[in-house]
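Open the model in your viewer and keep the sequence panel beside it. The tour below moves from one selection to the next.

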Amino acid sequence: MMGALDTVFGLDRDISDVTILQMAARTVVVFLVTLLLLRVGSRRFLGKASAFDVLVAIVLGSVMSRAINGSAAFLPTLASGFVLVGLHWLFATVAYGTRWFGPLVKGEPILVIRDGRIDQDGARRAHLSRHDLEEAIRLRGHAGGIEGVAEAYLERNGRISILAKRDDPPDADG
């Protein structure tokens, strides 16, 4: 089995002897493993971008830096950059066109408040304390506190969205 891995990934070669296809195979594996690690980890540090987008930016920067500093063969490293961008495009296209793949790659929002009460399971999954949720509500300028929130979600991009409760509509009688 090790012989097959050496052949596919060029593990037994000096880095300058790794082929473009071997570097591309390494890129696919690193991309998938890193995406998995980001999907398993916390989303809150990501800001506005999804883990999927941040992954491409980080790995692309790391890969391309090797072409600049000469720590990897130039053409295979450039090919890896193209493979990363191609994977991002392919995954985004498949995610757009299917119901099951988008949540798998980009994640799903997590309900953390429902009807003025913290959803304990969602808050636990999102690693959000009551203090975190109260802070998010204050930052959105919502005066009603947790009790005044109809729903709140930890979104795929790591931000918390708040939907305020609406007052009951006035009776027809007055």
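## Stop 1: the second largest pocket

Select D132, E135, A136, L139 and I160: of the eleven residues that line the second largest pocket, these lie nearest its centre. A pocket here is an open set of points on a 1 Å grid over the protein atoms alone, where a 1.4 Å probe fits, with protein on both sides within 12 Å along at least five of seven lines; lining residues have an atom within 4 Å of a point. The space in this second largest pocket is about 160 Å³. That volume is the space filled by probe spheres set on the points, with grid points joined across faces, edges and corners. Helix 7 is the top contributor to the lining, with four residues. Helices are DSSP runs of H or I with at least four residues, strands are runs of E with at least two, and both are numbered from the N terminus. Colour the lining by class: five residues are nonpolar, one is polar and five are charged. Ala, Val, Leu, Ile, Met, Phe, Trp, Tyr, Cys and Pro count as nonpolar, Asp, Glu, Lys and Arg as charged, and the others, Gly among them, as polar.

Before moving on, note that this is a predicted model, in which local features need pLDDT of at least 70 and side-chain atom pairs count only at pLDDT 80 or more, while totals for chains, interfaces and linings use all residues. Residues are numbered from 1 along each chain as its sequence is written, and side-chain values use heavy atoms, with hydrogens and water left out.

## Stop 2: the largest pocket

Show helix 2 (20-40), helix 3 (51-69) and helix 4 (74-97): each supplies at least two residues of the lining. The lining has nine nonpolar, four polar and two charged residues.

## Stop 3

Is V54 buried or exposed? V54 is buried, at a relative accessible area of 17%. Buried means under 20% relative accessible area, exposed over 50%, and partly exposed in between (1.4 Å probe, protein chains only). Draw a C-alpha to C-alpha distance from V54 to L35: it reads 9.4 Å, for residues 19 apart in sequence.

Next, take helix 4. Its 24 residues reach 35 Å from first C-alpha to last, close to the 34 Å expected at 1.5 Å a residue. The expected span is 1.5 Å times one less than the number of residues. Buried residues in helix 4 include L84, L87, F91 and A95.

## Stop 4

Select V112, I113, L128, L133, A152 and I160. These have the most contacts inside the largest nonpolar core, which has 16 residues. Strand 1 (110-114), helix 6 (120-126), helix 7 (130-139), strand 3 (149-154) and strand 4 (160-164) each give two or more residues to this core. A second, separate core has 13 residues, including L55, V56, L84 and A95. A nonpolar core is a set of buried Ala, Val, Leu, Ile, Met, Phe, Trp, Tyr and Cys residues joined through side-chain atoms within 4.5 Å.

## Stop 3: salt bridges

How many salt bridges does a search of the whole structure find? It finds three. A salt bridge is a side-chain nitrogen of Lys or Arg within 4 Å of a carboxyl oxygen of Asp or Glu.

Start with D121 and R124, whose closest N and O atoms are 3.2 Å apart. Both lie in helix 6, three residues apart, about one turn of the helix. D121 is exposed, at 54% relative accessibility. R124 is exposed too, at 54%.

Then centre on R130. R130 meets E134 in a salt bridge at 3.0 Å, N to O. These two are four residues apart in helix 7, about one helical turn. R130 also bridges to E147, with the closest N and O atoms 3.7 Å apart. This pair links distant parts of the chain: E147 is in the loop between helix 7 and strand 3, 17 residues from R130.

## Stop 4: two loop residues

Finish with positive phi. D115 has a phi near 50 degrees, though it is not a glycine. D115 sits in the loop between strand 1 and strand 2 (117-118). H127, also not a glycine, has a phi of about 60 degrees. H127 lies in the loop between helix 6 and helix 7, and is exposed at 59% relative accessibility.
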